[in-house]
Amino acid sequence: MYSIVSTAIIRGVNSLPVQVEADVSDGMPMFEMVGFLASEVKEARERVRAALRNSGYYLPAKRITVNLSPANIKKTGSAFDLPIAAAILAALGIVPAKSLEALLVVGEIGLNGQVQPVEGILPIVADAKGHGFARCMVPYQNLGEASLIHNIQMIPVRTIAQVVAFLNGRAAPLDSGRTAEDNAASTAEKAQTQSLQIEPDFSQVNGQRLVRRASEIAAAGMHNLLMVGAPGAGKTMIARRIPTILPPMCSEEQLELAKVYSISGMLLHGSHRMDRRPFRSPHHTVTPQGLVGGGTVPKPGEVSLAHKGVLFLDELAEFQKSTLELLRQPMEDKKIQISRLHGSCCYPADFMLVAATNPCPCGAYPDMNRCRCTQSAIDRYLGRISQPLLDRIDLCVEASPLAYADLTKEQHNESSAQIRARVCEAWEVQKERFAGSGIYFNSQIPADRLKEACMLTQKEEEYLQKMYGQLHLTARAYHKVLRVARTVADLSHSRRVDAGHLAEAFCYRSLDWKDWERW
């Protein structure tokens with residue numbers, strides 16, 4: 001007998017439909033699987049055989065052939081176990097083949113017949129409707145993740161026995177719903193997690209008015225920010241509070257980000273809250289694949305996990321220079337393309353880069369009374385940050401050492417909510433200005449539309465020309481000054497960019513390693 005079951009495989013943040021065909025015929029007893037399979041998919045043969053036997057279903061002494069098509073796409077992962085088992089059960093006549101119509105099946109199975117969760121269930125379920133499926137059979141532990149998609153019926157299963165019961169019409173689609181014990185455990189876990197969380201807020205930051213202002217401008221226009229200063233000046237503390245002044249994500253952004261986290265396996269246990277913009281802070285020893293993604297089986301990197309949020313690189317000069325250079329393309333394109341022998345995939349990477357670094361290995365430069373670094377050591381240290389990468393950073397600001405009074409005097413600092421209100425207003429202005437153009441923030445304004453967006457007079461043009469030569473700016477840096485000035489103007493509720501807005505924008509571009517002594 002012959003049967004066919006539909007499933008899917010992940011490609012980037014989307015999925016491709018795959019057909020699992022099973023044929024049981026007379027001949028030499030064997031169990032063969034074909035269809036350009038990776039090693040973990042080939043191993044499904046033994047997992048399925050043992051799982052069916054331990055569930056009370058014995059394979060007959062016949063020739064069993066399973067084909068995964070299309071054959072030109074390499075099949076990877078363990079999500080094919082359950083569709084293979086379902087196809088064999090249908091080919092043996094244990095379940096009716098008609099019950100598998102318009103049904104997409106995904107899941108891994110253990111040797112005892114238990115259905116195990118898999119990574120990437122969200123993009124598979126999200127694309128299922130477009131592929132013509134009305135129902136999805138998923139592992140029970142993936143139900144919370146899959147339920148983020150509302151326009152398709154979910155069939156959560158725990159065991160092969162439940163799969164057989166449902167396909168034979170002996171169980172309702174949600175028969176394996178949450179138990180009282182599950183709900184109690186989930187509620188207790190959430191309560192414990194919330195009690196341990198201390199919300200960061202800008203009201204906790206004393207001093208550093210310039211850095212706070214630069215952070216607000218960066219958030220208002222989604223500009224990249226670099227903070228340079230001595231250790232202990234509060235650079236990391238401020239960076240961790242930048243997500244708190246960003247507006248909340250819309251449902252479309254949440255779904256897009258959730259797909260990335262699903263592929264990474266970070267939604268299985270609710271380890272990320274989709275109602276908050278992500279904040280990713282990889283260690284400086286991160287590998288190139290860990291930062292931008294990749295691997296034998298491609299997975300998203302930190303730049304994709306920070307999508308629609310903040311990627312914070314602390315101790316920027318400690319990162320490998322070759323690793324940092326990989327950021328240049330995704331910072332411009334807002335996506336990362338990973339090509340491999342058997343195909344390519346694209347991950348979103350629309351993040352705001354926030355970086356912090358010391359001015360020298362000891363952190364005391366340019367105070368030569370405290371700094372003991374040689375000039376060659378300083379040059380090597382700062383030389384790890386290339387000029388092309390610096391050109392892609394919109395705002396550079398110094399974090400000065402805090403005075404004793406800033407630490408001890410009671411201050412009434414602005415809260416994150418107050419700053420976020422101004423940022424939200426600026427976002428609304430940009431949304432209205434660029435409506436229908438595919439541009440959402442000032443940092444994304446194309447070069448040919450900058451003059452239209454800034455509306456400069458002759459006076460401002462002359463000022464720009466003077467500063468362009470004085471600061472030896474590149475064309476990219478010149479455009480970034482205009483974009484930052486546009487954001488400064490938006491925060492001050494100005495329709496046009498004047499000399500004061502340009503002067504503040506140039507203030508954040510004047511940081512130059514060679515001229516550090518002037519600070």
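1. The lining of the second largest pocket takes at least two residues from each of strand E1 (2-11) and strand E16 (343-348). A pocket here is an open set of points on a 1 Å grid over the protein atoms alone, with protein on both sides within 12 Å along at least five of seven lines, and lining residues have an atom within 4 Å of a point. Helices (H or I, at least four residues) and strands (E, at least two) are DSSP runs, numbered from the N terminus. The model is predicted: local features need pLDDT of at least 70 and side-chain atom pairs count only at pLDDT 80 or more, while totals for chains, interfaces and linings use all residues. Residues are numbered from 1 along each chain as its sequence is written, and side-chain values use heavy atoms, with hydrogens and water left out.

2. The second largest pocket holds about 670 Å³ of space; a volume is the space filled by probe spheres set on the grid points, which are joined across faces, edges and corners. Its lining has 29 residues, and Ile10, Arg11, Thr76, Val297 and Pro298 lie nearest the pocket centre. By class, 14 of the lining residues are nonpolar, nine are polar and six are charged. In this scheme Ala, Val, Leu, Ile, Met, Phe, Trp, Tyr, Cys and Pro are nonpolar, Asp, Glu, Lys and Arg are charged, and the others, Gly among them, are polar.

3. Rolling a probe the size of a water molecule over the atoms shows where empty space is left. A cavity is a set of points where a 1.4 Å probe fits but cannot get out. Which residues line the second largest cavity? They are Arg422, Glu425, Ala426, Asp490, Leu491 and His493. The elements giving two or more residues to this lining are H18 and H21, and H18 gives the most, with three. Two of the lining residues are nonpolar, one is polar and three are charged.

4. Four aromatic pairs turn up in a search of the whole structure. Rings of Phe, Tyr and Trp (its six-membered ring) pair if their centres lie within 6.5 Å; planes under 30 degrees apart count as stacked, over 60 as edge-to-face and the rest as tilted. Tryptophan 427 and phenylalanine 441 form an edge-to-face pair, because their ring centres are 4.6 Å apart and their planes stand at 65°. Tryptophan 427 is in helix H18 (residues 416-433) and phenylalanine 441 is in the loop between H18 and helix H19 (450-454), so the pair ties together parts 14 residues apart in sequence. Both residues are buried (buried means under 20% relative accessible area, exposed over 50%, partly exposed in between, with a 1.4 Å probe and protein chains only).

5. Tyrosine 468 and tyrosine 478 also make an edge-to-face pair, because their ring centres are 5.8 Å apart and their planes are at 90°. This pair links distant parts of the chain, with tyrosine 468 in helix H20 (residues 458-470) and tyrosine 478 in helix H21 (residues 475-491), ten residues apart. Tyrosine 468 is partly exposed, at a relative accessible area of 35%.

6. Arginine 158 lies over the face of tyrosine 140, 3.7 Å from the ring centre. The rule is that NZ of Lys or CZ of Arg is within 6 Å of the ring centre and within 35 degrees of the ring normal.

7. An open sheet of five strands has the order E11-E14-E17-E10-E18, with parallel pairing. Two strands pair if DSSP finds at least two bridges between them. Strand E11 (279-280) and strand E18 (395-399) are at the edges with a single partner strand each, so one side of each has no neighbour in the sheet. Strand E14 (residues 310-313) and strand E17 (residues 352-357) run parallel and are joined by four bridges. Valine 310 has methionine 352 as its bridge partner in E17.

8. Some backbone details remain. Serine 69 and proline 70 are joined by a cis peptide bond, with omega about 5°; proline 70 is in the loop between strand E4 (63-69) and helix H3 (81-91). Glutamine 208, a residue other than glycine, has a positive phi near 50°. Is glutamine 208 buried or exposed? At 10% relative accessibility, glutamine 208 counts as buried.
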